[in-house]
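Reader: I've just opened this one and I'm new to it. Could you walk me through what the labels are based on?

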Amino acid sequence: MMNEKNNMVVLFDFDGVVMDTEGQYSVFWNDQGNKHLNIDDFGRLIKGQTLQQIFDKYFSGVKSVQEKIRGELDKYEENMQYEYLSGVYDFLIDLHTHEVKTALVTSSNKNKMANVYHVHPEIKELFDEILTAEYFTKSKPDPQCFLLGMRMFHAEPSQSYVFEDSFHGLKAGMDSGATVYGLATTNSREAIQDKAHYIIDDFVGMTYEKLIYKS
């Protein structure tokens, strides 16, 4: 069913959805897992988790290691390559052409996003709101972040769309009541097929019309 444009909001996660960065984070976290935990494939274990969630689960009480990782991560993010996922830029432009409100809803903090703005200053114009980790008291898989995005635009869950890639993010989107599109960028189609309403590989060919008529 078509929603009224002025009541509609589209909410995007950042890493693995707007930017194709997940592979780079796997390199970083695999290295940290090897150094501190003797785990080879650590990046896979922590996909979609916030830094605090990772610390609480794997580095609880080891403040010195936490601070070392935090500093190395800050430096790493300064030098990352931030490249748009295929088709997402055109899709965002199309949504704005149709006067659809959009928000970036990310667990990334303001320091990380400052690095992104340095490379892509246009990001601030592509989204009506950018909600970073500092806005939330609960992290995904809690739906708080997406519900906040809806409230900012006075949209109901039935008028809202979420694009996510991680297990935690997909659960947050589904629990928010929005229509959820899963990006098969971080996990395979098979792994997320029952965790979203629709599965896509990227945004190539995605338009406002396809979004509302498919939903």
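Reader: What makes up the lining of the largest pocket, by class?

Author: The lining has 10 nonpolar, 15 polar and 12 charged residues. Ala, Val, Leu, Ile, Met, Phe, Trp, Tyr, Cys and Pro count as nonpolar, Asp, Glu, Lys and Arg as charged, and the others, Gly among them, as polar. Keep in mind that this is a predicted model, where local features need pLDDT of at least 70 and side-chain atom pairs count only at pLDDT 80 or more, while totals for chains, interfaces and linings use all residues. Residues are numbered from 1 along each chain as its sequence is written, and side-chain values use heavy atoms, with hydrogens and water left out.

Reader: What makes a space a pocket rather than a cavity?

Author: Lining residues have an atom within 4 Å of a point. On that basis the largest pocket is lined by 37 residues, with Q49, T50, L51, S107 and S108 nearest its centre. Two or more lining residues come from each of α1 (22-36), α3 (51-58), α4 (63-78) and α6 (110-119). Helices here are DSSP runs (H or I, at least four residues), as are strands (E, at least two), numbered from the N terminus.

Reader: Why is T50 called buried?

Author: Buried means under 20% relative accessible area, exposed over 50% and partly exposed in between (1.4 Å probe, protein chains only). T50 has 11%, so it counts as buried. You'll find T50 in the loop between α2 and α3. Leaving aside neighbours within four places in sequence, T50 is in contact (heavy atoms within 4.5 Å) with S107 and S139.

Reader: And S26, buried or exposed?

Author: With 18% relative accessibility, S26 is buried too. S26 sits in helix α1 and touches G43 and K47, not counting residues up to four places away in sequence.

Reader: How do you know that the buried residues of α5 line one face?

Author: In α5 (residues 88-97), V88, F91, L92, D94 and L95 are buried. Seen down the helix axis, they fall within an arc of 160 degrees, so they line one face; the arc is that of the directions from the axis to the C-beta atoms. Exposed D90 and T97 are on the face turned away from the buried side. The buried residues pack against β1 (9-12), β2 (101-105), α7 (123-126), β4 (160-164) and α11 (208-214).

Reader: What makes the chain agree with a compact globule?

Author: The rule is 2.2 Å times the number of residues to the power 0.38, with the radius of gyration taken over C-alpha atoms. For 215 residues, that puts a compact globule near 17 Å, and the chain has 17 Å, so the two agree. Buried residues make up 49% of the 215.

Terms used
On a 1 Å grid over the protein atoms alone, a cavity is a set of points where a 1.4 Å probe fits but cannot get out, and a pocket is an open set with protein on both sides within 12 Å along at least five of seven lines; lining residues have an atom within 4 Å of a point.
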